[in-house]
Amino acid sequence: MKLSDAKVVITGATGGIGQSVAYLLAERGARLLLVGRNSDKLISTVQHLGSEHSWLSADISSVQGRADVMLQAKRFEANMLVNNAGISEFNEFSQLSDTRLAQAMNINLLAPMSLTRSFLHELGDTPKVVLNVGSALGSIGYPYYASYCATKFGLRGFTEALQRELTDSRHQVLYFAPRATDTSINSDAVKQMNRALGSKTDTPQEVAHALVKQLELGKKRLAVGWPEKLFARLNGFWPEVVDNALAKKFTKIQKFVKMVNS
Ligand SMILES: NC(=O)c1ccc[n+]([C@@H]2O[C@H](COP(=O)([O-])OP(=O)(O)OC[C@H]3O[C@@H](n4cnc5c(N)ncnc54)[C@H](OP(=O)(O)O)[C@@H]3O)[C@@H](O)[C@H]2O)c1
């Protein structure tokens, strides 16, 4: 689909990656419906981008919030959905209550699945594109990210199964996997850990460029950055190598998770 013909719903449009994606897509001539919970940020972004764009404040972890998004998407005649909203928690698994586990599942996995189903099946027959924002941690189980990894592995599996189910349809479902990116989803402990481990962190603008390129090419899967891209593949067929590599870093990683609960 040409981006100049796209009418795009972007969730998480108030966040680091979502806002950068919104700016780039608007530059390419797409019309946007920006979704988040922070109305002030949504309003100021739309004021900056222009009155052809619109916004909606909705909590996508609730049934009502998702229904509101789909109602607006239908009125807007949207043909592209970027499921980008997400939350993350770097912590010991023992510290995660059922409420926090459910919240992560709701926002990172159930919401994109539910929005995708409604978007593809309740908004008419026109060809549509859905892009799900996963993570490098959707392919690599990382210590102290048990809940986040579970949701992003789930999102990757969901996307791949649906891609294959839709083989003979006119819809496209894409999976995008950034590595560490400099946004407020990452706590200070995570930012310090990434620096200490020498893990490269991308800017949201770099990540947005990669995401928009994927939309332009209609590429089914895209992972951002080396060596994470290689590690993700390696973890698939030879997980023991990644076990060993992470075991060597474990003491350092543990030092930073202690900061979270101190
Ligand atoms: N940054 C990274 O290191 C990194 C790496 C790999 C993948 N990712 C993925 O990239 C995506 C974007 O993350 P980011 O880095 O841009 O994080 P961010 O700056 O914290 O943005 C998160 C976005 O999600 C929205 N959101 C959270 N809970 C919501 C809810 N219940 N209802 C509606 N919107 C909600 C937030 O909107 P409001 O605050 O307005 O509600 C915000 O716009 C996420 O899926 C994340 O998992 C990020």
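Okay, let's start with two helices: the axes of H3 (residues 63-76) and H4 (residues 98-121) come within 10 Å and cross at roughly 35 degrees. Axes here are lines fitted to C-alpha atoms, over the stretch in contact for helices, with angles from 0 to 180 degrees between N-to-C directions. Helices (H or I, at least four residues) and strands (E, at least two) are DSSP runs, numbered from the N terminus.

Who makes the contact (heavy atoms within 4.5 Å)? From H3 we get Arg66, Val69 and Met70, and from H4 there are Asn106, Leu110, Ala111, Ser114, Leu115, Ser118 and Phe119.

Before going on, this is a predicted model, where local features need pLDDT of at least 70 and side-chain atom pairs need 80 or more, while totals for chains, interfaces and linings use all residues. Numbering runs from 1 along each chain as its sequence is written, and side-chain values use heavy atoms, without hydrogens and water.

Now the backbone. Most residues other than glycine have a negative phi, and most peptide bonds are trans. Glu77, not a glycine, has a positive phi of about 55 degrees; Glu77 sits in the loop between H3 and strand S4 (80-83). Tyr144 isn't a glycine either, and its phi is positive at about 70 degrees. You'll find Tyr144 in the loop between strand S5 (129-133) and helix H5 (146-165).

Buried or exposed? Glu77 is exposed at 57% relative accessibility, and Tyr144 is buried at 17% (buried is under 20% relative accessible area, exposed over 50%, partly exposed in between, with a 1.4 Å probe and protein chains only).

Last one: Trp226 and Pro227 are joined by a cis peptide bond, omega about 0 degrees. Pro227 lies in the loop between strand S7 (221-223) and helix H8 (228-237).

Notes. Contact means heavy atoms within 4.5 Å.
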